[in-house]
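Hi everyone, thanks for coming. I'd like to walk you through one model today, so please have a look at it with me.

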Amino acid sequence: MKLKHLSTAVLLASLPLTGAFAAALDRSGQSMSGFLQPGNYFEAGISILDPDVSGKEAGSSTTRRNIGDMAEDYYFPSAVLKLQVADHFSFGLLYDQPFGAKAEYSGNNVFVSNPGTDSVLSAKAIDDIVTSRAEAALKAQNIPITDQTRAVARAQVLASPQFQQLAGALTAAGGFLGRGATQVEVDSQNLAFVFGFQPNQNWNFYAGPVYQTVKGNVKLRGQAYSLYNGYDANIKETSGVGWLAGVAYQIPDIALKTSLTYRSEIDHDVNIDENLSLLSFPALTTVLSGLGVSGSQLAAINSNGKTTITTPQSVNLDFQTGIMANTVAFANVRWVNWKDFSIQPYKFGKVSEAVGPLISRPNGFNLVEYSDDQWSANVGVGRKLNEQWAGNVSVGWDSGAGNPVTTLGPTEGYWNVGLGVQYSPQPNYFIAGGVKYFWLGDAKAQTGAQAGSSDYVAEFSDNHAIAYGMKIGYKF
């Protein structure tokens, strides 16, 4: 069999499993392989992920309880319709769900609310407040700060009527914290309209607009989130428009095909429906004033405004070549700019700005952010076994998006191995299936208030996931 036929005989490399458990919110891997198939082509696929992510309280948590599996199963579909409308021009519709998350904590730990025992501020935060006020009083009196003078000043702060009133209000406010467990669900959809130009059989230049929707909801519960224990954010489905552009080169006689694709950022402006249960506490003004929050900051906390969510830019590099009769090697490298990604809902941000100085974050903090960009790679070999059957094996790696990482997705990258099989009853259509096993990277989990520091509240280790995928393809 000639190598030039292998690019259509061994389509396993594009099974929809590449990014099934990638860093941050990355999910589908945003492949362009369907659009680059010759002639008219249609495919539809689905991936299912079964993760197991558990850990233990650690770091700044005062207890060391176990944390059961918090990662939820999920699935995501994909589809491609590619038309060769003329000898040198093609058009494609590409649908996928590029970004997402699904998780829910359970059991008895710092991510599950315990009414009556959870406190508005951690013991460390209260201790820091006492120390800060003690040192401020010493400076005001021009008294040198030593261990002895600090200890005396701390005792005076603790005994003062003002602090006793604040402590009493904080205790009462504990009854107005959240109920239930921390959970998150984020869904997105992409529809790309791609126009291609092929000046000859070797080159393909393509570009087009991308329509994207995003929706989600977040519930923060438990001692880990301090006064945000009881925070809810409902992100109503919102849309935005971006673009993609790329170039592909192929030599059919040796089954060589390579492509480079850039996808832009996409902005979403949305009024997030936010609620913080602590805001219903009647003496909240007393608490916040006692913590140094100004009247203007209190007014801002009770206001509403828009939030901008920007999904990240990315680059995909794909490569395939024949290496011997009936055999191809393939590779994919992907970069996603998660380092510049963050989500700060409007009211969440105003509260963080008000209380941020208490934890040395005077400018506030984000609900979610990442410290590193994601790099991932997938390499493998596909082989045609006979006229109906083909198979492949692959190995994948993902760098993660930093560590410590958000409590809403506490893993750092992965290694995986995959197996796939393809059955072609006729030369013009096929059914393919595959499975991948993921070794998920150990990670330290931190809240938004801790992001950017080495502090964390839990550790997650020795975790794994299994992904299953199926795809059908038809040439017409």
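Predicted model: local features only at pLDDT ≥ 70, side-chain atom pairs only at ≥ 80, totals over all residues.

Residues are numbered from 1 along each chain as its sequence is written, and side-chain values use heavy atoms, with hydrogens and water left out.

Back to Glu72, which lies in the loop between strand 3 and strand 4 (74-86). Helices (H or I, at least four residues) and strands (E, at least two) are DSSP runs, numbered from the N terminus. Glu72 and Gly441 are 369 residues apart in sequence, and their C-alpha atoms are 17 Å apart in space.

Now the overall picture. The protein has 476 residues, of which 49% are buried, and its secondary structure comes to seven helices and 25 strands. The C-alpha atoms fill a box of roughly 90 × 40 × 40 Å along the principal axes. Of the contacts with a separation of 6 or more, 74% are between residues 24 or more positions apart.

On to the inside. In soluble globular proteins, nonpolar side chains tend to be buried together. By nonpolar core I mean a set of buried Ala, Val, Leu, Ile, Met, Phe, Trp, Tyr and Cys residues joined through side-chain atoms within 4.5 Å. Here the largest such core has 83 residues, and those with the most contacts inside it are Phe111, Leu220, Tyr228, Leu278 and Phe460. Beyond its neighbours within four places in sequence, Phe460 is in contact with residues including Val53, Ile67, Met70, Phe111, Pro410 and Ala445. A second, separate core of 12 residues includes Val80, Leu94, Tyr206 and Ala248.

Which parts of the structure does helix 7 pack against? Its buried residues pack against strand 8 (203-220), strand 9 (231-251), strand 12 (273-276) and helix 6 (295-301). Helix 7 covers residues 346-355, and seven of its 10 residues are buried, so it is largely enclosed by the rest of the structure. Among those buried residues are Phe348, Val351 and Val355.

Next, the aromatics. Rings of Phe, Tyr and Trp (its six-membered ring) pair if their centres lie within 6.5 Å; planes under 30 degrees apart count as stacked, over 60 as edge-to-face and the rest as tilted. The structure holds 23 aromatic pairs. One of them, Phe89 with Phe197, is tilted, at 5.4 Å centre to centre and 35 degrees between the planes. This pair links distant parts of the chain, with Phe89 in strand 5 (residues 89-96) and Phe197 in strand 7 (residues 183-197), 108 residues apart. Phe89 is partly exposed at 44% relative accessibility, and Phe197 is partly exposed at 37%. Trp203 and Phe205, on the other hand, form a stacked pair, 5.9 Å centre to centre with 10 degrees between the planes. Elsewhere, Phe99, Trp338, Phe341 and Tyr370 form one aromatic cluster.

Let me finish with the strands. Two strands pair if DSSP finds at least two bridges between them. An open sheet of five strands has the order 3-2-24-23-20, with mixed pairing. Its edge strands, strand 3 (66-67) and strand 20 (405-406), each pair on one side only. Strand 20 pairs with strand 23 (residues 443-446) in the parallel sense over two bridges, and there Val405 stands opposite Ala445.

How many residues lie between strand 21 and strand 22 in their hairpin? Two. Strand 21 (residues 414-426) and strand 22 (residues 429-440) pair in the antiparallel sense over 11 bridges, with Tyr423 opposite Ile431. Strand 22 also pairs with strand 25 (residues 463-475), again antiparallel, over 12 bridges, and Phe430 has Gly473 of strand 25 as its bridge partner.

Notes:
Buried < 20%, exposed > 50% of the residue type's maximum accessible area, 1.4 Å probe, protein only. Contact = heavy atoms within 4.5 Å.
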